[in-house]
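The structure comes first, then the points by topic.

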Amino acid sequence: MDMGNYKKYISKETMMGPNCVRILGELLDRHPLQAAADDRILDLGCGTGLTSLVIAKETGAKVYANDLWISAEENGKRFAQWGVGQQVIPMCQDANDLRFEKGQFRALVSIDSYHYFAGRKGFFQEKILPFMGDGGEVLIGIPGLKDEFTGRGEELLFDWLGDEACLFQSRTAWREIIGSHDRMETVETWEMDCFCEAWEEWLGTDHEFARGDRKYFETVIRPYTCFVGVYVKLKQVLYI
């Protein structure tokens with residue numbers, strides 16, 4: 001994916017943390033999504049819609065841009081301004097109570113949000129899997145712990161994150177949390193390569209939260225954390 005195609009959309013106003021477009025780009029480079037114009041992709045926890053824009057441009061599919069914190073009206077105005085208003089549908093639903101048709105989605109993408117609502121075993125099978133079509137794919141990019149610090153998130157990150165430190169899990173832990181199911185063919189987790197670039201692009205802004213993160217980057221964030229990539233491939237059912 002060519003990051004240069006999206007630089008004009010990335011700003012202090014549209015970023016909510018480390019560059020989500022950079023994280024999504026690594027996921028798509030590693031596991032490209034092959035989609036048709038009539039396929040549907042769910043962007044779960046889309047924030048200001050940057051990732052939804054990229055998914056729409058890179059795949060050509062119809063994108064359902066869902067976020068609980070940013071209103072559908074606000075994102076809808078942005079999508080119209082960006083010229084993807086007919087392709088990207090803004091929504092505001094709780095990830096624990098999604099209201100979609102069963103098997104509706106060809107793919108699901110979640111960048112820098114999945115850890116907020118899905119950090120328990122069984123969530124994927126109960127809350128995500130029913131809405132995925134056969135042969136579907138899931139791409140997740142989230143902040144986490146380096147593998148050597150598995151289980152020590154609350155101890156190591158509390159000064160920076162407070163009670164949210166418990167949300168950071170390692171690649172190994174996320175593999176266990178995602179779990180297994182008869183419909184799941186492949187589950188892959190890895191420590192992503194884009195950590196430094198994504199963080200530098202966020203810390204280079206004058207966003208108030210970026211200013212707060214700068215205080216902890218060298219002492220906490222860089223030594224202990226990473227981005228965890230997750231890829232799930234579902235089985236394609238053959239009908240005879």
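A residue counts as buried when its relative accessible area is under 20%, as exposed when it is over 50%, and as partly exposed in between. The model is predicted. By that cut-off Val 109 is buried, because its relative accessible area is 0%.

**Buried residues**

- Val 109 belongs to strand E4, which covers residues 105-111.
- Leaving out residues up to four places away in sequence, Val 109 is in contact with Leu 24, Leu 33, Ile 41, Leu 42, Asp 43, Leu 44, Ile 55 and Leu 139.
- The C-alpha atom of Val 109 is 8.7 Å from that of Thr 51, although 58 residues separate the two along the chain.
- Asn 75 sits in helix H3, residues 72-81, and is buried because its relative accessibility is 0%.
- Outside the four places on either side in sequence, Asn 75 touches Cys 46, Gly 47, Thr 48, Gly 49, Ile 70 and Pro 90.

**Largest pocket**

- The largest pocket holds about 990 Å³ of space.
- Its lining has 44 residues, and those closest to the centre are Met 16, Gly 17, Trp 69, Asp 112 and Tyr 116.
- Helices H2 (50-59), H4 (114-117), H6 (153-161), H8 (195-203) and H9 (208-224) are the elements that each give two or more residues to this lining.
- H9 contributes the most to the lining, with four residues.

**Surface patch**

- Met 16, Leu 68, Trp 69 and Tyr 116 make up a nonpolar surface patch with about 460 Å² of accessible area together.
- Met 16 is located in the segment before helix H1 (20-30).
- With a relative accessible area of 42%, Met 16 is partly exposed.

**Salt bridges**

- There are twelve salt bridges in the structure.
- Arg 30 and Glu 188 form one of them, with an N to O distance of 2.5 Å.
- Because Arg 30 is in helix H1 and Glu 188 in strand E6 (residues 184-191), this pair ties together parts that are 158 residues apart in sequence.
- Arg 30 is partly exposed at 40% relative accessible area, and Glu 188 is partly exposed at 22%.
- Asp 97 pairs with Arg 99 in a salt bridge whose closest N and O atoms are 3.5 Å apart.
- Asp 97 is partly exposed at 45%, whereas Arg 99 is exposed at 53%.
- In the salt bridge between Glu 126 and Arg 120, the closest N and O atoms are 2.9 Å apart.
- Glu 126 is partly exposed at 48%, as is Arg 120 at 36%.

Definitions and conventions
Residues numbered from 1 in each chain as written. Predicted model: local features only at pLDDT ≥ 70, side-chain atom pairs only at ≥ 80, totals over all residues. Heavy atoms only, no water. Buried < 20%, exposed > 50% of the residue type's maximum accessible area, 1.4 Å probe, protein only. Contact = heavy atoms within 4.5 Å. Patch = residues over 30% accessible without salt bridge, like charges linked within 9 Å, V, L, I, M, F, W, Y side chains within 5 Å. Areas by Shrake-Rupley, 256 points an atom, 1.4 Å probe, with all protein chains shown as cover. Salt bridge = Lys/Arg side-chain N within 4 Å of Asp/Glu carboxyl O. 1 Å grid on protein atoms, 1.4 Å probe; cavity = no way out; pocket = protein on both sides within 12 Å on 5 of 7 lines; lining within 4 Å. Points joined across faces, edges and corners; volume = space filled by probe spheres on them.
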